[in-house]
Amino acid sequence: MLKGQRRPGNGFDLSEAPSHLIRRCQQFYGDLYARESGARELTKQQYTLLAALEHNDGASQTVLVEITGIDRSTLAEMVRRMLEKGLLSRERTEEDQRANAVAISPTGRKALRSARNASDRAERALLEALPIAERQKFVRALAQIAQAGESFAADGGDRKSTRLNSSHIPLSR
């Protein structure tokens, strides 16, 4: 039986459920990021948005939803607040006057540099929970799962598309 599956008598152990463990890891990273960044820095989601824009400056909000995984309404509200803080700029796209192209402002770039240091420290602290030899394997496994999710979404939920060859997934660091 796979870990996290129902046991005889309808028993279910959250401590063995991959989905629950991923959520707990995300919460742990959030706590680490908050500690490293302090109240003066960007939130995790603001950092994620600015990091996505760093390589996709001028992307539409629709594209940013796809890149970041932040839902449409949350992203729209984030963009509004970040515009007010001077972290972003926004203008209508030429292709679709209903869509907004979002870019990082100079103030946003400065905030991104500062938050990146906090994020890097938090990620190092997160991985310190693992033996050194396991850290790269863990990141590869996460990348493989993330890629499977992207393929699943791109293929309209076709379960077969989630079976990937991990040798094609590069490490981001």
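**The sheet and its helices**

Analyst: The model is a predicted one, and its protein exposes about 11800 Å², of which carbon and sulfur atoms supply 51%. Of the 173 residues, 29% count as buried. The secondary structure consists of 6 helices and 3 strands, in the order α-α-β-α-α-β-β-α-α from the N terminus.

The 3 strands form an open sheet with the order β1-β3-β2 and antiparallel pairing. Strands β1 (59–60) and β2 stand at the edges with a single partner strand each, so one side of each has no neighbour in the sheet. Strand β2 (residues 88–92) is joined to β3 (residues 100–104) by 5 bridges, and the two run antiparallel. Within this part of the sheet, E91 stands opposite A101 in β3.

Two helices deserve attention here. Helix α2 (residues 44–55) lies across β1, β2 and β3, and runs at about 95° to β3. Helix α4 also packs on the sheet, where it touches β2 and β3; its direction makes about 115° with that of β2.

As for confidence, the protein averages a pLDDT of 84, and 81% of the residues score at least 70. Among the elements, helix α4 (residues 72–84) has the highest confidence, at 95, and strand β2 the lowest, at a mean of 87. Over residues 164–173, pLDDT stays under 50; the model has 14 contacts beyond four places in sequence for that stretch.

Methods: Residues numbered from 1 in each chain as written. Predicted model: local features only at pLDDT ≥ 70, side-chain atom pairs only at ≥ 80, totals over all residues. Heavy atoms only, no water. Helix = DSSP H or I, 4+ residues; strand = E, 2+ residues; numbered from the N terminus. Buried < 20%, exposed > 50% of the residue type's maximum accessible area, 1.4 Å probe, protein only. Areas by Shrake-Rupley, 256 points an atom, 1.4 Å probe, with all protein chains shown as cover. pLDDT = per-residue confidence, 0-100. Contact = heavy atoms within 4.5 Å. Pairing = 2+ DSSP bridges. Axes fitted to C-alpha atoms, helices over the stretch in contact; angles between N-to-C directions.
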